[in-house]
Amino acid sequence: SLRMFRCLDPSSLNSATPNFLRAFWAELRNRFGKCAWNYQPFKDGTSQTIFLGWADINQEHVIPISLTYSQRAIVSGIHFGEQFGEPIDETSELGQQLKAATDKAYQRRNSPDTKILQVPVSSLYRSLAPYSGQWFEISPDQHPVSLLKIKIRAFDDIDANAEFLRVSSYLMDILSVETNSLFWLLVQEDGQDIASDMESKNSAYPEVNTFVSDEEWMDDLPNCNGYLLISSQAIRFLDRILSKNELSADEENFIRSCHHFHIARQQDALLHDRLAFSGEQNSEDGATTLFLQENPRFKSTSMLSRRAEEIATVLYVSTIEVASIIGSNPSEKCIACDQEKYKISARVVDYVKKYLVLEEGHHLIKVFKSHYRKRSKYLHAGVVLNDHSYTGTTIPRLEPSSDSGVSQKTSFSVANLREWIGYMLRQQLKSM
C-alpha cells in the first residue's frame with residue numbers, strides 16, 4: 001500500500017493526531033473537490049490497523065484508506081489502496097497529489113482557521129439571558145429561542161459544521177444542568193407555534209453576564225425578568241472546553257454526566273412539560289381561568305411517554321454514577337477474597353453525601369441507595385420500575401422486588417431526582 005504519513009514528534013502526538021486527520025480530510029476536499037465515504041470502520045489489533053472505508057475523491061475508483069497506530073489514540077501511519085482494490089503507484093499523479101495533501105495537512109495541523117457559527121436554540125418556554133464568553137455568545141430572541149454563537153477552529157466549512165454540532169451538544173448539556181431545562185438546536189420547521197409562558201415584548205433583557213445570584217437554588221427556574229440565568233463558573237467551564245484540543249479525563253466525565261442529565265430531562269419533559277400555559281382570562285366575578293395547550297414538540301411523542309418515567313429515572317441515577325468518577329480513586333481488589341474494596345454503589349452514596357451535605361443516616365441516603373439498586377435491577381435483570389396496570393382502581397399484588405413488597409404505580413418522583421441531581425452537578429462544577 002502507499003504509506004504517506006510523517007512520523008510525529010512523540011511529545012505532540014496526542015494533540016496533533018486528531019487535528020492532522022481533520023486537516024487531511026479538508027485538504028482532500030480542497031484538492032479533489034470532495035471526500036465522501038463508504039464508511040465501514042473496523043480495527044485489527046494484531047496488525048494495529050484501523051480500516052476506515054472507501055473514500056470518493058472524484059477519481060475513477062474509490063480509494064481504500066486505513067490507519068496504523070503505535071498505541072491507543074496515536075496514529076503512526078495512513079495508508080491508501082489494496083483493501084479490495086489496486087495499490088496506488090507512489091510516483092503516479094494521484095500518488096503525488098496524496099503525498100502533497102499529506103504534507104500540507106501535517107503543516108496545517110496546528111493552525112486551523114477560526115470561524116464563527118450561529119444557530120437558534122430553543123428551550124421549553126424561556127430564552128436564556130445574554131452571556132458573552134471568550135469563545136461563545138448567547139443572545140435572547142423571542143421566547144423561548146436564544147441565538148448561540150460559537151468560535152470554531154476548523155480547516156474548512158464542512159469541518160466547521162461538524163465541530164459546531166459536536167461542541168454545541170456539550171454546551172446544551174451543560175445549559176440543561178445549569179437551568180434544569182431542556183435545549184435543542186432549532187431548525188426552520190421547529191419554529192412553528194412553540195408554546196411559551198412569556199411575552200418577550202413585555203420584559204427587558206437582563207444585562208450581559210447577569211449570573212444567578214442564589215447558587216444554592218434547587219427547584220423552579222433561575223431567571224431574571226423571565227430570562228434563564230446561569231452561573232459564572234459555567235461560563236468559565238464552557239470557555240475552557242471550547243478553547244482546548246483535548247479535554248482532561250475529569251472534564252470528559254463531567255460532560256458525559258451532563259449528557260445523561262440532559263437526555264433524562266428529555267424523557268422527563270414527556271411527563272411534566274406536555275402542557276404549557278398559553279394565557280388566562282379574568283371573569284367579572286373575579287375568577288381567573290387559565291388556558292393550557294399541548295406543547296407541539298411533544299404531540300407526536302406523547303404516545304411514547306408510558307415508559308418515560310423509568311427511562312428518565314435510570315438516566316438521572318446514571319448521571320451521578322458517572323459524575324462520582326471525578327476525583328475518585330480506582331477500585332482496588334482485596335488480595336484475600338478478590339472482591340472490590342470500594343464498590344461503585346458506595347462511591348455513588350459518598351458523592352450524594354458530599355454534594356447534598358448529608359449526615360450518615362439521612363433519609364435521602366436511603367432514597368438514593370434504593371434508586372441505584374432499582375436502576376441496576378432494571379438494567380441487568382429487567383425488573384420493571386413502575387406498575388402500569390392502574391386504571392383508576394387499585395389492585396394490590398405481591399411484588400418482592402419493590403421496596404414495599406407489593407405493586408406500586410410509582411415509588412419515586414422524577415421531578416425530585418431532577419432537582420437533587422441538577423443541584424449536585426452545579427455544586428460539583430464549582431470545583432472543576
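**View 1. Overall fold of the protein chain.** Among contacts in the protein chain between residues at least 6 apart in sequence, 64% join residues at least 24 apart. The model shown here and in the following views is predicted. Its secondary structure comes to nine helices and 14 strands, and buried residues make up 47% of the 432 residues in the chain.

**View 2. The aromatic pair of F368 and W420.** The whole structure holds 13 aromatic pairs; in one of them, the ring centres of F368 and W420 are 5.6 Å apart and the planes stand at 55 degrees, so the pair is tilted. Because F368 belongs to helix α8 (residues 363-381) and W420 to helix α9 (residues 414-429), the pair ties together parts that are 52 residues apart in sequence. F368 counts as buried, with a relative accessibility of 4%, and W420 also counts as buried, at 17%.

**View 3. An aromatic cluster and a charge over a ring.** F20, F24, W25, W37, Y39 and F80 are linked by ring pairs into a cluster. Elsewhere in the chain, R109 lies over the face of Y106, at 3.9 Å from the ring centre.

View 4. The structure has one cavity of 30 Å³ or more, and the volume of the largest cavity is about 70 Å³. Its lining consists of E178, V212, E215, W217, S231, Q233, R426, Q427 and K430, which divide into two nonpolar, three polar and four charged residues. Two residues of this lining, W217 and R426, also form a contact of charge and ring, in which R426 lies over the face of W217 at 3.7 Å from the ring centre.

**View 5. The largest pocket.** About 850 Å³ of space lies in this pocket, and of the 27 residues that line it, P18, E163, R166, N245 and E246 are the closest to its centre. Two or more lining residues come from each of α1 (13-32), β9 (145-154), α3 (157-179), α4 (232-243) and α5 (249-272), with the largest share, seven residues, supplied by α1. By type, the lining divides into 14 nonpolar, four polar and nine charged residues.

**View 6. The second largest pocket.** This pocket has a volume of about 350 Å³ and is lined by 20 residues, of which Y125, D220, L221, R265 and D273 lie nearest its centre. The elements that give two or more residues to the lining are α5, β13 (275-282) and α9, and β13 gives the most, with three residues. Seven nonpolar, five polar and eight charged residues make up the lining.

How values were computed. Residues numbered from 1 in each chain as written. Predicted model: local features only at pLDDT ≥ 70, side-chain atom pairs only at ≥ 80, totals over all residues. Heavy atoms only, no water. Phe/Tyr/Trp six-rings, centres within 6.5 Å; stacked < 30°, edge-to-face > 60°. Helix = DSSP H or I, 4+ residues; strand = E, 2+ residues; numbered from the N terminus. Buried < 20%, exposed > 50% of the residue type's maximum accessible area, 1.4 Å probe, protein only. Lys NZ or Arg CZ within 6 Å of the ring centre and 35° of its normal. 1 Å grid on protein atoms, 1.4 Å probe; cavity = no way out; pocket = protein on both sides within 12 Å on 5 of 7 lines; lining within 4 Å. Points joined across faces, edges and corners; volume = space filled by probe spheres on them. Nonpolar A, V, L, I, M, F, W, Y, C, P; charged D, E, K, R; others polar. Contact = heavy atoms within 4.5 Å.
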